[in-house]
Amino acid sequence: MQKTFIKYTFVIMTAAILLILSINFIFTFHSLESQQFNTFQTKIEQVIHTLENNQTELSLLKESLDEDYLTRAKAAAYVMDRQQEVTMSVYEMQYLAKLLNVDELHVIDENGIIVFASVPKYVGIDMNDHEQTRAFLALLESEEEDAYLIQDAQPNAAEGKVMQYIGVARKSQKGVVQVGFEPKRQLETQSRNTFDYIFSKFPTDVGEELFAVDGTTKEIVGHSNGINQDFTSDYYQLNKLEDCINGSYQRGKDGKYMYVVSSRYEDVMICAALPSNIMFRKLIGSAVSTLFYLLFIEAAVIALLNYLVKKKVINGIHNIIHKISLITEGNLDTKVEVRGNEEFDELSKGINTMVKSIVNISDRISAIIEMSGIPLAAFEYKKEKKNVFVTSGLMELLGISNEKAIELYSNSYLFDAYIRDIMKNPAEGEKDIYQINDSKYICIHMSVFSDGYLGVITDSTKNMMEKKQMQYENTHDELTGLYKYPYFKQLASENLNKMSPGHVCAVVMLDLDYFKSINDTYGHDAGDKYLQSFSSVMKSMPQEHVLAARRSGDEFCMMIFDCADREEIIKYVDEFYKVLNQNSVQLSETESRIISASSGFAWTEHAGISIYELLSQADEALYEVKKSTKGIYAEYAVE
């Protein structure tokens, strides 16, 4: 009887294990595929988000530079209209160009001929001879008093050198004053908006690829491993990638298959791919682990059943059934104590051992989770039960002490209140993610029932820290650690809009003096050190009243806010210059220099004023300082 019972038990359990293993295999495969799809979708969305942010940064940079360049062109026209002499030499033109901080300066007469120029070989060029120069001749015919033309960066007619030109119609006589700039910053910003550059900054797992295909030319325009390689495989072809929107397997190199996810952005297909054998290795590993656990459980159960059957249960079976009924109804404190002979005594002990195993099942599940290496914990809360079912990893994920865990697990009311208190404040911009402390984030998913709920907690710290790092890089200057200029304008505008009645704020535009000569004399490393030292002084200002940002190369800006009056603003500016004058930068082994900076500021007590108007006013004040002297600050004079 015993052998027959064990034989059938073995057959049934083996069949059940095979069925469970098959179901688990299918479920795990779909789970891994879904997880990989979500991971790829997230990375593609991050690439798109970075592209859009870079494009916004480029637009803002162009708008800012166009405004700045036009101001310098108008200043040049103003100087030329007040020039007493009829002619100007190349040296004088070069000197004026240097004063205005422009790369080229030209004067065009009424016939469209360059009569004066800071570049000698440009003198005498006829603007009618080339499409690029011909556009400025429209200013000669314009009836507008302040007519001007801002031309996009392009190769110039004379040398084919990429330049950006701005022309302003003269007022004293018919003619045009034209200034030119080398668009280094625009080209540098554009270079950071290529797929190759963006892909190079994204971390990829082993075997993983990120790439982009032009929807018109069907060519690879960016790849995480560079574009100097063979792209003849099926999964690089545009017609195949159209089928990968929801994830698909495509043939790769050497006949191997790749799991590919694609997403269309404008006229480009952005894709992520992973060799299918890597996914299958994960699947096989999970299946082998599951099989091992199931076989272990099967062996343990068969051994236990064999032990119980050996006791030849004859008498007292109804009493045992009654006790078992109480246990199955949830009374796990019930003890089976059937006495009378040695067999029943052993049977009672066996049943009690099984009950104890059920009570401690959370420990078994915890052990399996720990062996899987996944930072995951689960819990079950039921209103009518005193204790809470939890797995062992929950205490670590919640960041609580052993004493606190014992208190919560033994009181379902306190546990429920604690979990709900955590879920009151989700992480900003996130769903189901909550901050436990300064360095830990968790994700909580719950299924709610009428008598309680089931919950799963996973560790989201790594993903959140990566997002925060990416956000920091998007808003802070890499060299100085100060805010980037577009983000500064956003924060400054917010401060301006929420300024309290009776308070004032100011914008300070700063420009380092002699910075170009420092770079030329001591090298760019010394120049970078000079910039960082200046930035450290800006960072030392009280953050509750001062925002600091790097505008461009040696140009900076600050916003002084939440001040009682103008005198308080002056106090902060004076304090800044006091600290600045005490800062000496070691430029070489033998030479050091006190940092010198010129600045202009504009202040307001009106919350409705535009931040761009304040910036423009401060810029004008800075310009006046730079015309007369250096190393001091001036206030914008309201006319």
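**Stop one: helices 13 and 14**

Helix 13 and helix 14 are roughly perpendicular to each other (the word covers angles of 65 to 115 degrees; under 35 is roughly parallel, over 145 roughly antiparallel, and the rest oblique). This is a predicted model, where local features need pLDDT of at least 70 and side-chain atom pairs count only at pLDDT 80 or more, while totals for chains, interfaces and linings use all residues. Residues are numbered from 1 along each chain as its sequence is written, and side-chain values use heavy atoms, with hydrogens and water left out.

Select 402-409 for helix 13 and 412-422 for helix 14: they pack at an angle of about 115°, with axes 6 Å apart. Helices here are DSSP runs (H or I, at least four residues), numbered from the N terminus. Axes are lines fitted to C-alpha atoms over the stretch in contact, and angles run from 0 to 180 degrees between N-to-C directions. Now show side chains: Lys 404, Glu 407, Leu 408 and Tyr 409 of helix 13 meet Ser 412, Leu 414, Phe 415 and Tyr 418 of helix 14 (contact means heavy atoms within 4.5 Å). By class, that contact has five nonpolar, one polar and two charged residues (Ala, Val, Leu, Ile, Met, Phe, Trp, Tyr, Cys and Pro count as nonpolar, Asp, Glu, Lys and Arg as charged, the others, Gly among them, as polar).

**Stop two: helices 16 and 20**

Next, pick 485-497 (helix 16) and 611-628 (helix 20), whose axes are 9 Å apart at an angle of about 115°. This pair is therefore roughly perpendicular too. From helix 16, color Tyr 485, Phe 488, Lys 489, Ala 492, Ser 493 and Leu 496; they meet Ile 611, Tyr 612, Leu 614 and Leu 615 in helix 20. The contact divides into eight nonpolar, one polar and one charged.

**Stop three: helices 17 and 18**

Go to 515-522 (helix 17) and 524-540 (helix 18): their axes come within 7 Å and cross at roughly 140°. That makes helix 17 and helix 18 oblique to each other. On the helix 17 side, find Phe 515, Ile 518, Asn 519 and Tyr 522; among their partners in helix 18 are His 524 and Tyr 530.

**Last stop: a salt bridge**

Which side chain does Asp 66 meet in a salt bridge? Select Lys 62: the N to O distance is 2.7 Å (the rule is a side-chain nitrogen of Lys or Arg within 4 Å of a carboxyl oxygen of Asp or Glu). Both residues lie in helix 1 (residues 2-81), four residues apart, about one turn of the helix. The count by this rule is 22 salt bridges.

Technical notes. Helix = DSSP H or I, 4+ residues; strand = E, 2+ residues; numbered from the N terminus.
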